Amino acid sequence: MPGRKASKPKNITAIETNNRPDEWRIEQGMAGAKLPIIDQTHKPTTFIHPVDPSPPGIKDAEAIEAVGDRKKLFAREIKGWEGYVEWENYPEKKAKAHKILTSQTFPPIPDYMTGPIPGTNPVLPGEDFKAWHRAIGGELTDVPDSSWDTVLKEKHKDMLHLLQFPYNGEPPKRLVTAKSITPNPLHFVRNHGGIPLIDKDKWSLTLDGLVANPKKYTLDDIMDESRFPQIEEYVTIQCSGTRRIEQIALYGGQGDEVPQAPWAEGAIGTAKYRGISLKKLIKDCGGLINGGKHLELYGAETYFKDLNAMNYLVSVPWSKVKANEVLLAWEMNDEPLPKIHGFPLRVVVLGYIGARSVKWLYRIKAIENPSIAPVQSREYLYFNQQVGKHNQRPTDGIQIQEMPVSSAIMSPWSKHVIIHNGKINCKGWAYSGGGRWPERVELSADGGFSWYEVPQENMSKKGRWTWRTWEIDLPCDVEGWIEIVCRCWDSALNTQPLTVRSAWNWGLHVTHSAHRISVYSINKTRPRTKERLALLEKLNIPLAPITRYEVVPTMTDQEIEKYWEKHEPRDADNY
Ligand SMILES: Nc1nc2c(c(=O)[nH]1)N[C@H]1C(S)=C(S)[C@@H](COP(=O)(O)O)O[C@H]1N2
Ligand SMILES: [Mo]
């Protein structure tokens with residue numbers, strides 16, 4: 001209000017104490033990052049205060065200078081490929097980038113797993129990745145800004161930006177399953193680096209390694225129907241980080257990919273892709289030779305791992321390619337691939353985790369064994385939950401390829417208060433990888449004791465490679481806090497573990513436990529509830545949050561007195 005002074009906070013007299021102001025919160029485990037590590041192997045016990053591995057503010061300018069002219073060293077590799085720096089062909093260039101990044105330290109990024117998650121959108125800014133790009137300079141200098149521009153141009157204005165850079169975003173719950181085919185602007189995005197902007201006329205794809213005749217293809221070559229038959233396929237792409245937030249909420253871990261996005265249920269989307277089978281290209285190159293058994297797929301952007309610069313590399317086995325389950329796609333829902341989804345050409349691997357569906361594809365190399373590049377060999381691994389941080393080796397993790405069966409409730413949300421007539425309307429999705437599909441979705445309103453199945457007519461169409469969206473009016477008689485649970489049975493009769501803990505893993509991957517939400521049930525088929533709601537409405541009293549006292553008590557003093565006149569008293573006399 002104009003002219004009015006902001007009210008001063010109430011004066012709290014200074015208390016003399018040894019406690020810190022947030023002592024109680026810390027003691028209650030609400031700020032885990034502030035706790036010391038307790039070392040009981042010494043007597044007396046020692047307390048170790050964890051420090052950030054690289055304190056900020058160190059910079060060896062001379063060493064960085066000695067590396068050379070960054071503009072020239074880290075220049076655009078090919079005309080018309082904005083943001084593309086080639087790393088894999090130039091080990092010396094990689095070494096120089098590493099020298100630059102290890103000759104300085106970068107500000108630590110806040111730990112959101114053991115502290116509160118910021119209430120902002122973007123939720124996390126990704127300052128570390130931005131700083132590494134700027135430190136390398138050259139072609140990478142403008143990548144963080146240019147990528148964000150692309151996000152704003154191509155994505156829906158209601159996307160939830162979990163990580164600004166590298167961009168990771170998902171649609172809000174109300175839009176995740178609004179349509180069984182996800183509109184392009186609402187399809188989730190997961191990036192490990194910037195968004196290369198590639199001129200399709202300057203683009204080419206190299207196929208080399210253990211093939212009889214290495215070749216280079218233009219987009220026109222690949223789209224030439226007289227050479228390669230085209231395929232149209234509806235495909236669900238799911239990130240193995242989907243629903244990670246439930247694992248984080250239970251225990252912090254280390255998403256083993258560096259840009260950990262606190263994904264909810266929206267890191268999944270379904271689209272119609274047009275492309276060709278990769279198998280045809282391999283055949284066109286004369287087939288695999290000399291023990292070639294895996295195809296290494298190269299994405300054009302720069303990814304940083306352990307202060308090393310690289311391109312985005314993963315691999316798929318030939319058996320998957322041979323089954324025509326690896327597509328090279330240039331169209332998404334009848335439109336050219338959006339830039340953010342890999343324009344001009346991306347891989348779409350049917351039934352595998354999203355990580356294998358490489359965007360901005362520029363090279364395919366036939367190799368003998370699965371790729372040793374970090375995304376394939378050090379990340380997207382599934383660890384046993386009792387192998388501790390200090391015992392965990394990449395070779396101990398199961399490589400995540402086919403996604404297991406999973407499902408999620410998109411409506412209502414946890415902590416919703418719902419007034420209903422004995423049935424609560426719920427909506428959501430169900431998916432299974434590897435060519436299996438959701439056969440039955442079941443919901444429970446009592447925490448997973450009794451299960452009601454979603455009527456088949458309330459499920460979207462079946463497809464080998466797609467999710468099914470669903471809707472159910474879930475019977476619920478009781479009032480108060482209830483737990484709604486959802487699980488799916490797939491075509492191989494696989495189902496979901498019932499608790500997060502039973503499938504919690506250090507890498508925070510594949511949260512496929514039955515999805516649980518707590519909601520407060522107000523059942524209007526109960527006469528007293530109905531009467532009470534009618535009374536509040538008549539008195540024009542708006543409903544308060546469930547935890548607040550009611551303005552109008554449910555009984556007057558007279559009513560209480562009258563009751564006791566007719567009933568046995570609360571206290572008992574001798575019989
Ligand atoms: N080149 C490249 N391809 C990539 C990625 C990436 O960071 N770079 N991310 C992968 C991961 S982890 C997922 S889940 C999917 C997401 O695809 P989308 O962004 O089109 O939804 O892309 C995959 N392909
Ligand atoms: Mo992913």
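Helix H13 (527–538) gives the most to the lining of the second largest pocket, 7 residues in total. Helices here are DSSP runs of H or I with at least four residues, strands are E runs of at least two, and both are numbered from the N terminus. This is a predicted model, in which local features need pLDDT of at least 70, side-chain atom pairs count only at pLDDT 80 or more, and totals for chains, interfaces and linings use all residues. Residues are numbered from 1 along each chain as its sequence is written, chains are lettered from A and ligands numbered from 1 in the order in which they are written, and side-chain values use heavy atoms, with hydrogens and water left out.

Let's stay with that pocket. Its lining has 26 residues, and Arg528, Thr529, Arg532, Glu550 and Thr554 lie nearest the centre. Strand E21 (417–420) and strand E27 (515–523) each supply at least two lining residues, as H13 does. By class, the lining splits into 14 nonpolar, 5 polar and 7 charged residues. (Ala, Val, Leu, Ile, Met, Phe, Trp, Tyr, Cys and Pro count as nonpolar, Asp, Glu, Lys and Arg as charged, and the others, Gly among them, as polar.) The pocket's volume is about 820 Å³.

What counts as a pocket, and what as a cavity? On a 1 Å grid over the protein atoms alone, a cavity is a set of points where a 1.4 Å probe fits but cannot get out, while a pocket is an open set with protein on both sides within 12 Å along at least five of seven lines; lining residues have an atom within 4 Å of a point. Grid points are joined across faces, edges and corners, and a volume is the space filled by probe spheres set on the points. By this rule there are 3 cavities of 30 Å³ or more. The largest cavity comes to about 250 Å³. Around it sit 19 lining residues, with Arg190, Arg346, Gly354, Ser357 and Lys359 nearest its centre. That lining is made of 9 nonpolar, 6 polar and 4 charged residues.

Now for some helix packing. Two packed helices are described by the angle between their axes and the distance between the axes. Helix H4 (residues 91–102) and helix H5 (residues 127–136) have axes that come within 10 Å and cross at roughly 120°. (Axes are lines fitted to C-alpha atoms, for helices over the stretch in contact, and angles run from 0 to 180 degrees between N-to-C directions.) H4 and H5 are therefore oblique to each other; angles under 35 degrees count as roughly parallel, over 145 as roughly antiparallel, 65 to 115 as roughly perpendicular and the rest as oblique. In H4, Ala97, Ile100 and Leu101 meet Trp132, Ala135 and Ile136 of H5, where contact means heavy atoms within 4.5 Å. This contact has 6 nonpolar residues, no polar ones and no charged ones.

H5 also has a partner in helix H6 (residues 143–154): their axes come within 9 Å and cross at roughly 130°. That makes H5 oblique to H6 as well. Here Lys130, His133 and Arg134 of H5 meet Val143, Pro144 and Asp145 of H6, giving 2 nonpolar, 1 polar and 3 charged residues.

Last stop: the backbone. Most residues other than glycine have a negative phi, and most peptide bonds are trans. Phenylalanine 165 and proline 166, however, are joined by a cis peptide bond with omega about -10°. Proline 166 lies in the loop between strand E4 (160–163) and strand E5 (168–170). The bond from serine 411 to proline 412 is also cis, with omega near 0°. Asparagine 333, a residue other than glycine, has a positive phi near 50°.
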